[in-house]
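Hello,

Here is the structure I promised to pass on. Please have a look, then read my notes below.

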Number of protein chains: 2
Amino acid sequence: MKPCLKPDFPHHWSNFYTPETFRITGNEMVEKLAVYLTDLQTRQFDRVLPHSAPEERLRHWKLRIKDVGGAETGALWKGGFLKEVMAQSTRLHDPRYAGHQVAVPLPQLAWLQAATALLNNGMAIDEMGPASSPMEEAVMQELAKYMGLGGESGGILCHGGTLANLTALLAARQRKASGNAWKQGTEPRYAVLVSEQAHYCVDRAVRVMGWGEAGTVKVRTLSNHQIDPDALQSTFEEITGRGFEVIAVVGNACTTSTGVFDDLEMLAGFAEQYDLWFHVDGAHGAAQVFSQLNNGPLKGIEKADSVAMDFHKMLGVPALCTGLFYRNGTDAYAAFSQKAAYLYENEQDEWWNLSKRTFECTKRMLSVAVFGIWEAHGPKLWESLVDRLVDRARVAAHEIEQRPQWELFAHPQSNIVCFRLIGADNAALRQAMLENGPYYIVKTEVNGETWLRCTFQNPLTDDLDIAALLDRLEELAASCSIQP
Amino acid sequence: MKPCLKPDFPHHWSNFYTPETFRITGNEMVEKLAVYLTDLQTRQFDRVLPHSAPEERLRHWKLRIKDVGGAETGALWKGGFLKEVMAQSTRLHDPRYAGHQVAVPLPQLAWLQAATALLNNGMAIDEMGPASSPMEEAVMQELAKYMGLGGESGGILCHGGTLANLTALLAARQRKASGNAWKQGTEPRYAVLVSEQAHYCVDRAVRVMGWGEAGTVKVRTLSNHQIDPDALQSTFEEITGRGFEVIAVVGNACTTSTGVFDDLEMLAGFAEQYDLWFHVDGAHGAAQVFSQLNNGPLKGIEKADSVAMDFHKMLGVPALCTGLFYRNGTDAYAAFSQKAAYLYENEQDEWWNLSKRTFECTKRMLSVAVFGIWEAHGPKLWESLVDRLVDRARVAAHEIEQRPQWELFAHPQSNIVCFRLIGADNAALRQAMLENGPYYIVKTEVNGETWLRCTFQNPLTDDLDIAALLDRLEELAASCSIQP
């Protein structure tokens with residue numbers, strides 16, 4: 001039987017609903033995206049990041065939106081819309097992309113995203129995710145064990161590290177704060193210990209929970225930027241003495257700005273000693289657990305109560321896709337349900353209704369990409385990705401050390417490397433790159449000083465790209481009179 | 001220049017990174033999904049929802065995952081993986097889908113999702129969303145005005161209604177709670193007034209903020225299931241008398257379970273009288289603002305301080321994609337920054353760094369689908385979609401009224417209709433449909449009584465499908481001895 005639209009349907013619907021139009025536009029999209037990939041892999045653009053002022057771009061889109069309803073036929077991306085989106089977006093698949101911590105997705109996963117977007121199974125309850133819910137349960141149990149979290153471990157997938165860290169701290173609050181926070185509420189006298197280098201979302205989670213500025217207790221770091229164990233002890237005593245009840249300690253694995261891993265073993269011991277929840281914010285670096293070569297800085301992660309890890313950073317999955325792992329899988333129920341804190345058995349029986357454990361009610365089918373990669377390749381693909389990306393940072397560090405006019409911040413422990421041109425205005429230097437291209441790199445501030453920063457996310461960045469990046473920075477420094 | 005992988009890359013990478021493989025797998029995907037659509041539009045399956053026990057499905061995927069690393073070549077979905085995902089998922093594009101409130105996506109948007117998944121611009125700061133951030137700003141300002149929220153309005157896009165409602169309540173807390181909640185924290189003495197029919201995520205948001213069970217004050221509803229104005233007044237007085245500080249009143253537009261809209265005009269007046277924040281949870285029904293025929297129940301929405309609306313419910317966008325609109329656009333900054341509450345001007349200048357206003361740091365390019373639809377079709381497409389879906393519920397209600405053995409819960413105000421077979425065990429009846437098919441419908445409880453429930457999300461559901469649904473239920477009642 002041939003599918004057809006009934007005559008009472010609006011005429012313009014035919015473009016949206018007939019499989020034939022869908023097939024035609026799909027084939028057009030395949031071609032567009034394949035050309036995009038080819039252009040980027042061959043470095044056809046003079047800049048990774050199209051550069052213009054935000055207000056200018058806003059004006060552009062505001063003008064476009066005024067002219068609505070013009071395209072009755074054809075795909076949504078006719079009239080140059082998609083072409084403009086692609087032209088104006090940051091081009092992550094250019095091997096000269098070394099900017100922020102967002103995956104350069106495995107291209108094929110774009111098609112898997114198309115499939116799950118069409119299926120659109122919402123996953124709040126089992127009936128809305130009959131395939132994706134058990135897949136999530138299976139893969140998260142498997143990966144949690146793989147992280148060394150043991151036989152009782154498990155986890156959930158959610159939309160991003162911010163949400164994962166908040167969810168972990170909600171579980172921590174329920175497990176460790178005196179009273180039943182979910183039922184009785186809490187006063188602003190609880191606190192979380194965290195490095196002064198922690199991502200802002202930890203502080204944000206604490207403030208969302210109503211504990212204000214004082215609820216996030218930032219602990220001083222050593223010169224190597226790890227939490228100082230002595231400061232941890234003295235800060236804990238000081239804050240406890242002031243009447244605060246510490247519920248959790250959060251370790252960075254790694255910090256966003258410089259890629260430094262806290263000493264997780266030390267933090268685990270401290271948490272155990274004082275009966276605190278130990279959460280590892282491994283949004284960026286926990287992925288290194290999949291690498292034999294590069295899992296060293298994660299020693300101790302297996303003692304965490306919870307670990308957040310973004311599949312959309314080092315693991316090639318399109319954003320957002322974050323795993324929140326629990327050493328005790330049933331702790332997941334504590335985050336959102338007071339009942340769960342007391343009735344393990346009942347809740348365990350309801351793993352298939354995922355909204356009991358996830359912030360989201362309706363959720364995307366996040367598990368399909370994770371399960372699909374894992375099933376097809378096991379740890380091998382992720383190991384090779386992680387190793388390649390971390391190796392990029394090491395190659396860059398080595399190159400920097402060969403050049404006397406450059407200073408390396410620290411030997412990279414992950415795919416992040418910070419460095420600077422000695423005596424130069426490095427902020428101006430990075431701005432010159434932004435305006436003139438072709439590379440996209442970022443900057444960070446450490447103790448009030450500016451450092452250039454690369455996060456190598458593109459596995460196709462090769463050694464020559466890295467040498468050329470430094471050459472280009474030197475050239476810009478000279479031509480833009482940035483060199484002192 | 002031909003793109004190529006350097007010899008030092010792992011061999012198995014070639015499947016992921018070469019544009020040629022990408023093109024081949026893309027074309028395969030187009031074909032697979034086009035066939036899927038055709039099969040569903042022609043009602044080829046005997047059930048919308050593949051039915052089996054959760055534990056059985058978990059066992060299946062656990063077995064599969066043990067056998068990892070088998071498929072070195074080819075796409076991730078070789079070896080039957082994608083075929084199984086599709087076979088085991090709930091089939092929303094079958095015209096006989098009338099289950100939960102999740103969009104049956106406009107098929108072409110799947111391709112747009114593929115494009116944005118590949119681009120993967122994270123949007124935390126302007127440089128990571130040079131196209132998608134100004135698009136979001138432009139379209140949300142435009143749509144907020146279109147909702148009647150006036151010239152100062154604006155909004156943000158986020159991952160789902162739960163997050164949008166929490167974000168709105170965080171803004172409400174900052175604007176209305178005494179003191180500076182973001183800085184000083186809050187005690188569990190604040191409260192939010194809401195109908196007893198509200199979605200669980202409002203209660204969840206309140207508990208996340210640390211106000212416990214008592215923080216959500218559920219107001220009695222009238223026999224028509226709207227908030228009772230007298231109960232609202234007396235509950236407010238009672239809770240205030242007990243020392244609680246009410247910060248907000250939340251209106252349902254509409255309730256999830258029965259599709260009833262609160263009297264938003266009345267709630268707006270009440271909020272104004274007592275200086276409360278007025279939030280409309282319009283996750284499902286605010287979309288009716290785009291319809292001349294069906295915007296009646298939303299009267300008063302233009303007086304809201306904030307409105308949450310899911311594009312992934314009635315508006316055909318794949319999940320998740322929620323708009324959070326503010327009457328005063330700068331209120332968006334209050335949700336996450338104490339500074340913002342006092343320094344409007346500075347914050348206004350930073351609209352391009354979206355993570356100041358959104359919960360998410362890295363975010364998907366949610367604006368592309370919203371802007372793309374709006375630019376191509378203006379309100380016309382959404383108006384026709386909303387009208388068609390609401391009309392489906394009216395057709396069903398009419399059909400039910402023609403059959404004396406059936407009882408209609410209420411005349412539908414949206415695309416949700418509740419009904420029951422008089423004297424039958426309607427829970428068993430719905431279970432029989434689940435097990436035997438072909439339709440997928442759900443159920444709800446009102447005052448302890450079970451009602452069958454349809455949410456018409458598929459615009460291709462036609463009048464004959466609706467009549468056949470009732471016929472099939474009658475047949476199942478007879479054959480399964482459910483009829484009393």
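Chain A carries 45 positive side chains and 59 negative ones. The centres of these two sets are 5 Å apart. Keep in mind that this is a predicted model.

Next, the fold of chain A. Its secondary structure amounts to 16 helices and 12 strands. The radius of gyration is 24 Å, close to the 23 Å that the globule rule gives for 484 residues, so chain A is as compact as a globular protein of that length. Along the principal axes, its C-alpha atoms fill a box of roughly 70 × 65 × 45 Å.

Burial and surface go together here. Of the 484 residues in chain A, 68% count as buried. The accessible surface of the chain is about 15400 Å². Carbon and sulfur atoms make up 49% of that surface.

How much of the contact in chain A, at a separation of 6 or more, comes from residues 24 or more positions apart? The share is 71%.

Now the domains. The assignment for chain A lists domain 1 as 11-42 + 50-89. Domain 2 covers 115-377, and domain 3 covers 380-479. Taken over C-alpha atoms, the centres of domain 1 and domain 3 of chain A are separated by 33 Å.

Two residues are worth a look on your screen.

Start with Ser306(A). It sits in strand β7 of chain A, which spans residues 306-310. Is Ser306(A) buried or exposed? Ser306(A) is buried, because its relative accessible area is 0%, and the cut-off for buried is under 20%. Leaving out residues up to four places away in sequence, Ser306(A) touches Ala168(A), Trp277(A), Phe278(A), His279(A), Val280(A), Leu324(A), Phe325(A) and Tyr326(A).

Then go to chain B. Ala248(B) lies in strand β5, residues 245-252. Ala248(B) is buried too, with a relative accessible area of 0%. Which residues does Ala248(B) contact, leaving aside its neighbours within four places in sequence? They are Leu169(B), Ala172(B), Ala191(B), Val192(B), Leu193(B), Leu276(B) and Trp277(B). Phe311(B) is 63 residues from Ala248(B) along the chain. The C-alpha atoms of Ala248(B) and Phe311(B) are 24 Å apart.

Best wishes

Key: Residues are numbered from 1 along each chain as its sequence is written. Chains are lettered from A and ligands numbered from 1 in the order in which they are written. This is a predicted model: local features need pLDDT of at least 70, side-chain atom pairs count only at pLDDT 80 or more; totals for chains, interfaces and linings use all residues. Side-chain values use heavy atoms; hydrogens and water are left out. Helices (H or I, at least four residues) and strands (E, at least two) are DSSP runs, numbered from the N terminus. The radius of gyration is taken over C-alpha atoms; the globule rule is 2.2 Å times the number of residues to the power 0.38. Buried means under 20% relative accessible area, exposed over 50%, partly exposed in between (1.4 Å probe, protein chains only). Contact means heavy atoms within 4.5 Å. Accessible areas come from the Shrake-Rupley method with a 1.4 Å probe; for residues, only the protein chains shown count as cover. Lys and Arg count as positive and Asp and Glu as negative; His and the chain ends are not counted. The place of a charge is taken as NZ of Lys, CZ of Arg, CG of Asp or CD of Glu. Domain bounds come from an automatic or database domain assignment.
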